[in-house]
Amino acid sequence: MDNQIFNQTVGHPDWPEPDEAAKAHSQELVKLITSNIQNNNGSIGFDRYMGMALYEPGLGYYSAGAGKFGPLGDFTTAPEISPLFSWCLARQCLEVFEITGGDRILELGAGSGIMACDLLSELMRLNALPSEYLILETSADLKQRQYQLLKERQPDVLDRVKWLDTLPSERIDGVVLANEVLDAIPVHKITITENKISELRVTFKDDSFSWLKADISDEKFISLAANRLDDVLGSINDVYETEINLMIGPFLRSISEILATGAAFFIDYGYSRNEYYHPQRTTGTLVCHYRHRSHDNPFILVGCQDITAFVDFTTVAESAHEVGMEVHGYSPQAAFLMSCGMEDVMNTYRNEDQIWNLKLSQQAGQLMLPGEMGEKFKVMGLTRNVPTSLKGFSTGNSIHKL
Ligand SMILES: C[S@@+](CC[C@H](N)C(=O)[O-])C[C@H]1O[C@@H](n2cnc3c(N)ncnc32)[C@H](O)[C@@H]1O
């Protein structure tokens, strides 16, 4: 059994193996998940599995100590690719400050802390430092890394940065930012055969995790799934598997409760509903990341790899409406960054050093080209009490596609 559990911690034979400490963590986590499965009559929802694999205190991927971000980690996010991303975003924050009079920023899940560093440095250059930069971070390990990076790179503004374990108790006026956070919210896995929606739960059989098809008894779950999959039901000939995020609604409600006036920007890979639940997307959108290898098996490298699902932005927009927020914009990342003033930002930061200039151009390409992050990533802007349009959505706003 132990040897088999160990096998859950390795991936493809050609991939680098986790180190001994990571393997030990992984084995502990596998034991914990399997005992959870046993205590729940032999299966748990995939949302529970994903939640434990990513966030189990001290053991989950985001709670424990591995590298994760950047070239030496598992994946590279936009703020890690280039400061251009955060410098552009800073201009959007500045506009929200000017329109609303609010001057606080709350960043959800701040990763290595690089976005906070680059945003604060650009806002300082623009004479528009926020009165407070709040970071909601549940991982003690990441909090420590963010603190170290900010202390090293932005010591003069460190006193404005505050770390939170939960959403702030008082409402804020300003900006909420979440880059690649929605894709990390645990999802349910479902399957459709002959127009019947069933849940794919996680069981532990023959010493490994596997899927277990089960009827859904929760009426709310059934009605949400049927509603979101309405277009696709009836046009599927074969087996169809996909994900459904039931946490988006409660998540947005909690964000809306703390944003008095201002805007929340969610940046992530995702689609509108008709693209997400497309009849030809028959295996869903789960993506796992391990040392820059992307694959769709969440049952290996438990706790050593990231597990994500694309975002159904139509659901995000509907949930926002339900909690009284306005959907101000939905644009591909390229259009958003361009509208925030990418050209001007690049001109500001170009200098005599041609290597630096070339590097900036290459990074802009990574952020904006359609084959890179430009089209796959979307930016959704949700607002409360913001009467005018926002510059980031002045061109390329695709709200009509939702
Ligand atoms: C892929 S990482 C992105 C990190 C960083 N924003 C970046 O772009 O590099 C996902 C982050 O989302 C955080 N996260 C997931 N669910 C969250 C929630 N409900 N509230 C706040 N952060 C959350 C995770 O802890 C993790 O730090």
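Which residues surround the ligand, and which of them are the closest? The figures below start there and then move on to other parts of the chain. The model is predicted, so local features need pLDDT of at least 70 and side-chain atom pairs count only at pLDDT 80 or more, while totals for chains, interfaces and linings use all residues. Residues are numbered from 1 along each chain as its sequence is written, and side-chain values use heavy atoms, with hydrogens and water left out.

**Figure 1. The shell around the ligand.** The ligand is surrounded by 15 residues, and the closest are Tyr-55, Tyr-62, Thr-77, Gly-109 and Asn-179 (a residue is near a molecule if one of its heavy atoms lies within 4 Å of it). Sorted by class, that shell holds nine nonpolar, four polar and two charged residues. For the bookkeeping, Ala, Val, Leu, Ile, Met, Phe, Trp, Tyr, Cys and Pro count as nonpolar, Asp, Glu, Lys and Arg as charged, and the others, Gly among them, as polar.

**Figure 2. Polar atoms around the ligand.** Thr-77 puts a polar side-chain atom 2.7 Å from an oxygen atom of the ligand. Asn-179 has a side-chain N or O atom 2.7 Å from a ligand oxygen. With Gly-109 the backbone takes part: one of its N or O atoms lies 2.7 Å from a nitrogen atom of the ligand. As for cover, the ligand taken alone exposes 600 Å², and the protein buries 90% of that (accessible areas come from the Shrake-Rupley method with a 1.4 Å probe; for residues, only the protein chains shown count as cover).

Figure 3. Ser-112 is in the loop between β2 (104-108) and α6, and Ile-114 belongs to helix α6 itself (residues 114-125). Helices (H or I, at least four residues) and strands (E, at least two) are DSSP runs, numbered from the N terminus. Ser-112 counts as buried because its relative accessibility is 18%, and Ile-114 does too because its value is 13% (buried means under 20% relative accessible area, exposed over 50%, partly exposed in between, with a 1.4 Å probe and protein chains only). The side chain of Ser-112 reaches the backbone nitrogen of Ile-114 at 3.3 Å. This is a polar contact, meaning a pair of N or O atoms within 3.5 Å; within protein, one must be able to donate a hydrogen and the other to accept it, and residues adjacent in sequence count only if both atoms are side-chain atoms. Ile-114 and Arg-153 are 39 residues apart along the chain, with their C-alpha atoms separated by 9.3 Å.

Figure 4. His-328 is part of strand β15 (residues 326-332). Is His-328 buried or exposed? At 12% relative accessibility, it counts as buried. Its side chain makes a polar contact of 2.8 Å with the side chain of Thr-383, and it also reaches the backbone oxygen of Thr-388 at 2.7 Å.

**Figure 5. Helix α12 and what follows.** Why is helix α12 (residues 333-340) largely enclosed by the rest of the structure? Because seven of its eight residues are buried. Those buried residues are Gln-333, Ala-334, Ala-335, Phe-336, Leu-337, Ser-339 and Cys-340. Just after α12 comes Gly-341, with a positive phi of about 110 degrees. Leu-369 counts as partly exposed because its relative accessibility is 46%.

**Figure 6. Two glutamates with positive phi.** Glu-180 has a positive phi of about 50 degrees although it is not a glycine, and Glu-194 has one of about 45 degrees. Glu-180 is in the loop between β5 (172-179) and β6 (188-193), while Glu-194 lies in the loop between β6 and β7 (196-205). Glu-180 counts as buried at 15% relative accessibility, whereas Glu-194 is exposed at 81%.
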